[in-house]
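Reader: I would like to go through this structure before I plan my reading of it. Could you show it to me and start with the terms?

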Amino acid sequence: MKFLIQIPQLIYAGAEKVMVHFANDLVSRGHEVEILEIYDRGFLKSQFDSRVTFHCICSREYSKRYYASFEEIKKEKNLLHKLEKCGKLAFSKIVGYRKFAEKLATEYYKEKQYDVAINYLETESPKFLLNAIYARKYIQWYHIDVANLDKPEITDEMIPYFEKMDSIICVAESARNSFVERYPQLEDKTHVIYNFFDVDDIVKKAEEPFTYRAAKLGIPVMLSVGRMTSQKQYIRFLNVLSRLKKDRIVFQWYVLGEGQEKATIEKRIKDLHLENCVFLEGIADNPYKYMKHCDLFVLPSGWEGFPTVTVEAKILGCPVLATDVSGIREQLVNGETGWIVDNNENAIYEGVKYLLEHPEIRCKLRSNNMKQILDSEEKYQRFMKLC
């Protein structure tokens, strides 16, 4: 079968990473897969199977030809080049930068046909797929829990398009329940398929030699992986760490990721005098080597749909502490394979403190029971029934 998968951009984020595993699984089974990126970032391209193909609506070549920002115009010293960039900016404002790109993409796809067209992120409308891509089936993936959104009206606005899709896939039972409760008219179209994970690849990458750059013997290393956004609640977790430090509990916390809250997080680290025990490592091509060598993996999020990083951490035998977000109780058995705490600062503080002070409990939490979540064959068969 021939699949087209649309995604806003190939950045280092949870949904994008599991899409790599999903696409690679499909081509390994003999299917054709094309990734349609809206904006040309392509950070994850090297991780795809060589048989996966790519196209981009707003490609770098297109942007170079038709777009210029105010900042570029200000910096330009050559008058002719400045005028040229002013023309590009005017074009993008009057005609529409993305609107014109979609027109060109529609022309590109008018003679192409696919068996299944997938809109892989709920932040991107499936409008273009429905209007410009010819496919037998259209599938919408939904990675979040609508009950936890600050602005669920963003999803509300997409419902007329979701109603035209053949199937909607939620990534957790809890997320599906919330979705159906809000949009009961879509219940019959809505299904649950857990994210795809390439366990062998994760385990292989974790074997890469690695040592934490500031690790000290006897000091537990905590790790979190995720974008620096309000959703991840890193500011709240820094408050927890400040309280632990005042209690003379030793630790180190490493964070993999970038994001819009980075400057605020850096300032908070300084304000709380945590520079010697909190380390921002930026984006890592291989987070698994970090996971393998941490003493406690922490998910302090305010909300999730189905957190992928905790599954990856459990694949590698990490003890995991997580807030009680959507999907987490489908991954962890509290007190046996993970430590689930209420979604507030005091509960996180008490949970982290207890696990830091009880290494024997952390050792116990290294076990996992994720057979159903990691069964790629079962997930593939469920997916193919929708195709």
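Author: Let us begin with one term: two strands are said to pair if DSSP finds at least two bridges between them. Please note also that this is a predicted model.

Reader: What stands opposite Val 116, then?

Author: Lys 137 in S5 stands opposite Val 116. Strand S4 (residues 113-119) and strand S5 (residues 134-142) run parallel and are joined by 6 bridges.

Reader: Which way does the chain cross from S4 to S5?

Author: The crossing goes through helix H5 (residues 127-132), and this β-α-β crossover is right-handed.

Reader: And what does S5 do with S6?

Author: S5 pairs with strand S6 (residues 167-170) in the parallel sense, over 4 bridges. Ser 167 in S6 is the bridge partner of Ile 139, and Cys 170 in S6 is that of Tyr 142. Helix H6 (residues 153-162) belongs to this part as well: with S5 and S6 it makes a right-handed β-α-β unit.

Reader: How many strands are in the open sheet that holds S4, S5 and S6?

Author: That open sheet has 7 strands, in the order S3-S2-S1-S4-S5-S6-S7, with parallel pairing. Strand S3 (53-58) and S7 are at the edges; each has a single partner strand, so one side of each lacks a neighbour in the sheet. From one strand to the next, the twist averages 25 degrees.

Reader: Which strands does H1 touch on that sheet?

Author: H1 touches strand S1 (2-7), strand S2 (32-39), S4 and S5 as it packs on the sheet, and its direction makes about 170 degrees with that of S1. Helix H7 (residues 173-182) also packs on the sheet, where it touches S5, S6 and S7; the angle between its direction and that of S7 is about 165 degrees.

Reader: Let me pick a residue from H1. Is His 21 buried or exposed?

Author: His 21, which lies in helix H1 (residues 14-28), has 10% relative accessibility and therefore counts as buried, because the cut-off for buried is under 20% relative accessible area. Leaving aside neighbours within four places in sequence, His 21 is in contact with Phe 196, Phe 197, Asp 198, Asp 201, Ile 202 and Tyr 288.

Reader: What about Thr 190, at the other end of my list? Where is it found?

Author: Thr 190 is found in strand S7 (residues 190-192). With 3% relative accessibility, Thr 190 counts as buried.

Reader: Which residues is Thr 190 in contact with?

Author: Apart from neighbours within four places in sequence, Thr 190 is in contact with Ile 168, Cys 170, Arg 176, Phe 179 and Val 180. For Ile 168, which is 22 residues away along the chain, the C-alpha atoms of the pair are separated by 4.7 Å. Cys 170, in that list of contacts, is also the bridge partner of Tyr 142.

Reader: Changing topic: what is the strand order in the open sheet of 6 strands?

Author: The order there is S10-S9-S8-S11-S12-S13, and the pairing is parallel. Its edge strands, strand S10 (278-282) and strand S13 (339-341), each pair on one side only. The twist in this sheet averages 20 degrees from one strand to the next.

Reader: How many bridges does S8 share with S11?

Author: Strand S8 (residues 221-225) pairs with strand S11 (residues 296-299) over 2 bridges, in the parallel sense. Leu 223 stands opposite Phe 297 in S11.

Reader: And which helix lies across S8 and S11?

Author: Helix H13 (residues 345-357) does; it also lies across strand S12 (320-323) and S13, and runs at about 155 degrees to S13.

Reader: Now the whole chain. How many helices and strands are there?

Author: The protein chain has 16 helices and 13 strands. Its radius of gyration is 22 Å, close to the 21 Å that the globule rule gives for 387 residues, so the chain is as compact as a globular protein of that length. The C-alpha trace spans about 65 × 60 × 40 Å along its principal axes.

Reader: What share of the residues is buried?

Author: Buried residues make up 55% of the 387. The protein chain exposes about 18,200 Å², of which carbon and sulfur atoms supply 49%.

Reader: And what share of the contacts links residues 24 or more positions apart?

Author: Such residues account for 68% of the contacts with a separation of 6 or more in the protein chain.

Key: Residues are numbered from 1 along each chain as its sequence is written. This is a predicted model: local features need pLDDT of at least 70, side-chain atom pairs count only at pLDDT 80 or more; totals for chains, interfaces and linings use all residues. Side-chain values use heavy atoms; hydrogens and water are left out. Axes are lines fitted to C-alpha atoms, for helices over the stretch in contact, and angles run from 0 to 180 degrees between N-to-C directions. Contact means heavy atoms within 4.5 Å. A crossover is right-handed if, with the strands pointing away from the viewer, the path from the first strand over the helix to the second runs clockwise. The radius of gyration is taken over C-alpha atoms; the globule rule is 2.2 Å times the number of residues to the power 0.38. Buried means under 20% relative accessible area, exposed over 50%, partly exposed in between (1.4 Å probe, protein chains only). Accessible areas come from the Shrake-Rupley method with a 1.4 Å probe; for residues, only the protein chains shown count as cover.
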